[in-house]
Amino acid sequence: MNLYKLKVIDYFGESILEQIISRCGNICSECPWSMFMRKKIAKEDWEYYAKEIKSYTGYKPVKYEWEGCLGCLTPTEEFPSHPFYNFLKKCRTRKCAGYNEVPNCAYCGRFPCANTVARNDYTQEKVSEKLGKEISDDEYERYVRMFDGMGNLKKIRSGLSPTQIKNPKLVSHEPEITELTGAFENDNFKLVYEKLVEIANSNLGIKGVDTISGFELYKERKEFLWRFLWIIGLYGKIENDELSIDSATLYENRKPLSLPKNEEEWKVFLNILLEFGIITELEIKTDKLYTPGGYMRAKIPKSNEPAYNLKIKTSSGLQKYPIFKILNELITKLLEDSGKRAFSNFKKLNFNSILQ
Ligand code: SF4
Ligand code: SF4
């Protein structure tokens with residue numbers, strides 16, 4: 001196992017501790033999911049400790065019997081085969097910092113970049129606000145600080161000299177747009193095609209798509225956006241100039257992707273579409289929208305009714321065209337002509353099978 005051990009100054013700057021820091025600033029050597037804490041805490045104390053962690057973070061650590069996470073600095077090929085590691089393998093911050101050969105994002109010239117998964121969600125202030133009571137420095141140290149990724153990275157950064165900071169290696173990306181080998185049978189198809197090309201040529205609202213983390217985020221957004229356009233094109237209900245789609249239909253047709261987990265994540269996608277004249281309103285249908293884990297439900301509990309609807313219309317410049325009807329016809333035709341390959345063709349804007 002090849003773990004980087006970093007010496008960092010602790011939160012109060014009083015002592016030097018040897019800690020293992022994840023790429024995004026979490027403290028793996030104090031993380032309740034890690035093998036390190038399983039060595040520090042006795043089996044009989046684990047249940048109490050796990051409950052304490054849950055009361056501060058909202059998540060209960062995996063049971064003591066599991067060997068524990070090896071930490072994200074472990075090379076991927078050394079990860080045991082266990083589903084827990086899937087999210088570490090996919091983590092774009094881990095990929096980016098690894099590719100750039102920096103121990104963590106604090107050592108990167110782009111820090112704090114917009115694409116890291118490091119967040120400011122576990123600060124002393126935010127956890128106090130969430131719990132509705134002031135948490136002490138001691139509680140923060142014991143139960144929260146290991147997840148205060150951004151706070152930890154800033155602390156590390158403040159102790160670095162300019163020579164320790166390295167600029168990321170840049171990557172370039174080309175949008176995947178297939179060259180057309182003929183002409184569309186009508187101008188309406190051409191109009192929608194050109195709109196799709198505009199979307200495909202954009203950075204999808206990402207600042208810094210030239211780094212690995214930016215590019216990974218671009219790929220994630222692109223996958224979801226194209227799946228979303230496909231679903232609304234096929235299953236959306238069109239009335240006058242508006243299209244509506246409910247969360248149950250989105251959920252049933254989303255695979256292999258997940259739906260955005262909260263309203264904030266939806267807004268990210270809806271704002272990208274807004275740039276292209278597609279205006280969407282999120283209509284919440286229940287006061288039980290969220291699961292206790294903080295995920296948006298697709299269906300109202302104990303019913304098959306959708307938990308929310310998306311109501312979509314176009315901006316004034318596009319209103320003279322029945323965009324949604326044309327999108328539906330275009331996708332239906334693609335499906336008829338390229339069968340199982342239809343969605344993968346749609347993602348690459350490969351409409352050659354339906355051209356004249
Ligand atoms: S879950 Fe994250 S913070 Fe915890 S040990 Fe694994 S990589 Fe480190
Ligand atoms: S570009 Fe962003 S994610 Fe990548 S190493 Fe730098 S700060 Fe971290």
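Let's start with burial: of the 356 residues in the protein, 47% are buried, meaning under 20% relative accessible area with a 1.4 Å probe and protein chains only. This is a predicted model, where local features need pLDDT of at least 70, side-chain atom pairs count only at pLDDT 80 or more, and totals for chains, interfaces and linings use all residues. Residues are numbered from 1 along each chain as its sequence is written, chains are lettered from A and ligands numbered from 1 in the order in which they are written, and side-chain values use heavy atoms, with hydrogens and water left out.

Now the outline. The C-alpha trace spans about 70 × 50 × 40 Å along its principal axes. The protein has 13 helices and six strands. These are DSSP runs numbered from the N terminus, with helices (H or I) of at least four residues and strands (E) of at least two.

Next, the cores. A nonpolar core is a set of buried Ala, Val, Leu, Ile, Met, Phe, Trp, Tyr and Cys residues joined through side-chain atoms within 4.5 Å. The largest has 53 residues, and Trp226, Phe228, Trp266, Phe346 and Phe351 have the most contacts inside it. Which helix gives the largest share of this core? Helix 9 does, with 10 residues. Apart from this core lies another, of 44 residues, including Phe36 and Phe84.

Look at Trp226. Leaving aside neighbours within four places in sequence, Trp226 is in contact (heavy atoms within 4.5 Å) with Leu196, Ile199, Ala200, Phe343, Phe346, Lys347 and Leu349.

On to the helix pair. Helix 9, residues 212-235, packs with helix 12, residues 323-338, at about 100 degrees, with axes 8 Å apart. The axes are lines fitted to C-alpha atoms over the stretch in contact, and angles run from 0 to 180 degrees between N-to-C directions. So helix 9 and helix 12 are roughly perpendicular, the word for 65 to 115 degrees. Among the residues making the contact are Trp230 of helix 9 and Ile331 of helix 12.

Finally, the ligands. Around ligand 1 are Asn26, Cys28, Cys31, Ser34, Cys69, Gly71, Cys72, Phe84 and Leu88, each with a heavy atom within 4 Å. That shell has six nonpolar, three polar and no charged residues. Here Ala, Val, Leu, Ile, Met, Phe, Trp, Tyr, Cys and Pro count as nonpolar, Asp, Glu, Lys and Arg as charged, and the others, Gly among them, as polar. Ligand 2 is surrounded by Cys96, Ala97, Cys105, Cys108, Phe111, Cys113, Thr116, Thr211 and Ser213. The shell around ligand 2 also divides into six nonpolar, three polar and no charged.

Definitions and conventions. Angles under 35 degrees count as roughly parallel, over 145 as roughly antiparallel, 65 to 115 as roughly perpendicular and the rest as oblique. Buried means under 20% relative accessible area, exposed over 50%, partly exposed in between (1.4 Å probe, protein chains only).
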